[in-house]
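Let's take a friendly walk through this structure. Have a look at it first, and then read on.

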Amino acid sequence: IEKANMACLRTRLEEERKRLQNARFIIQKAWDIEVKYIEQGLKHDVKCHEFNPFIFPYHISCYFLLDMHLCVQEEIFPYKMPFYIDAMARRNDDFVIEESYLPNSSFAVWFSLVPKYRTPMYSNRISPYLDDYKSDLQNPPQWISDPENPLASDMSFLDEWMDGLQEELVRDDDEASVAQTIDADVIHLNNTFGIPTIESLNKGVRTKTLLKLLKHSMSDLQRDHRLATAVLLALVEYGCFEGEEGVEAFRYFLATLEHDYIYDCDGACYQREEEDTSHICQDWQRFVRVLSFIIRQGIKSHQEGHGILVSTYIDNLLEQAGWQERKKLQDLVGWDPDEQENGEVARHVDLICIMLQELVQCISSERDRTFKLIHLKYGEKVARVAFDVKLKASML
């Protein structure tokens, strides 16, 4: 029986390997199509309210993310916006990327992706600006060039959103009142521009849109890791990885992640002799923290397919990192990639370590939860016996 089970497992792992390979092919094919359309100068026809699903931002619910194009010099911007936000106003710090950095404004990211009740503090900050817009509809939209304006550069809602996902969000009456006011403003803007909210989309369309946004935001075409972080949180918020259909979404998520992952950022790239301008460290470090959260807590209901997928994915990363011969976990953690002659060997080590570390935390949390459930049902003595058996089995 054991041999039959192992044979069945190997078959499933090999099938998953093929599905992962196919997912990578589809992602690259779609990306090649988008790059081709961009080179041809193809744009969305907003009048017909039908967005080309191969061109950023892929769905009309994310219409305001088109303000990314305002960062491109000498390009005629054909889209109506509630606020035109100057490219230089989108950061209130000294960090810049010299080439191919097209960040979205904080307003565009917040409005397009964030459930407004998650961010009462940020919503309270921008509420006056939305009121001004409603009262001034007859005049041309205002230009914002001040980096201190919360609509331009304030990404504090990302941390606020993350906190709300990590624990049950309890709001007091004042926060609830602000949320209701913001909801009314959001509905007003949606109606004015004739766009649906991302929450109103069916799960399949929403998930596909978010995964495409993740690819675009991490690519050399945009390199906006603040938008990428918001997409990660949205994938968890809307339960994109839950259930059996969530396994496929998680597969495309992992396949997207590995291609544009920054493997050598230590948080101080800008201090090196040869300054790295491919990313902004603080944005990438926040992205990695949210990624760790997703691996650890982002899936509430794990299916067997999730386990097969993660096992195959890590196995692939180990192969690509030069670990054809499987080694014990302590060897991996103790391995110094700087001592390797071939730099390509170390390429995936950062991502491998994050995956393994967070999976250990996830398993530990599940074990504690199981212990509490057994304790609640059968008492402490039975729970401790079951716990000891599982512990010894895991050690073996």
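Predicted model: local features only at pLDDT ≥ 70, side-chain atom pairs only at ≥ 80, totals over all residues.

## Helices α8 and α9

Start with α8, which covers residues 243-259, and α9, which covers residues 281-297. Their axes come within 14 Å of each other and cross at roughly 150°. An angle over 145 degrees counts as roughly antiparallel, so that is how α8 and α9 run relative to each other. The crossing itself is left-handed.

Which residues do the touching? On the α8 side you'll find F250, F253 and L257, and they meet F287, L291, I294 and I295 on the α9 side. Sort the residues of this contact by class and you get seven nonpolar, no polar and no charged.

## Helices α4 and α7

Now move to α4 (residues 157-166) and α7 (residues 225-237). These two pack with their axes 11 Å apart, at an angle of about 20°. Angles under 35 degrees count as roughly parallel, and α4 and α7 are therefore roughly parallel to each other. Here, too, the crossing is left-handed, with α4 passing α7.

From α4, the residues L158, W161, M162 and L165 take part in the contact. Across from them, α7 brings in R226, T229, A230, L233, A234, V236 and E237. The class count for this contact reads eight nonpolar, one polar and two charged residues.

## Aromatic pairs

Rings are worth a stop as well: the structure holds 22 aromatic pairs. One of them joins Y63 and F193, with 6.0 Å from centre to centre and 40° between the planes, which makes the pair tilted. It ties together distant parts of the chain, since Y63 sits in the loop between α1 (2-39) and β1 (83-85), while F193 belongs to helix α5 (residues 173-193). The two residues are 130 residues apart. Both Y63 and F193 are buried.

Another pair, Y261 with W284, is edge-to-face: the centres are 5.0 Å apart and the planes make an angle of 80°. This pair also links distant parts of the chain, 23 residues apart.

Are Y261 and W284 buried or exposed? Buried means under 20% relative accessible area. Y261 has 6% relative accessibility, so it counts as buried. W284 has 1% relative accessibility, so it counts as buried as well.

Key. Residues numbered from 1 in each chain as written. Heavy atoms only, no water. Axes fitted to C-alpha atoms, helices over the stretch in contact; angles between N-to-C directions. Helix = DSSP H or I, 4+ residues; strand = E, 2+ residues; numbered from the N terminus. Parallel < 35°, antiparallel > 145°, perpendicular 65-115°, else oblique. Left-handed = near helix turned anticlockwise from the far one by under 90°. Contact = heavy atoms within 4.5 Å. Nonpolar A, V, L, I, M, F, W, Y, C, P; charged D, E, K, R; others polar. Phe/Tyr/Trp six-rings, centres within 6.5 Å; stacked < 30°, edge-to-face > 60°. Buried < 20%, exposed > 50% of the residue type's maximum accessible area, 1.4 Å probe, protein only.
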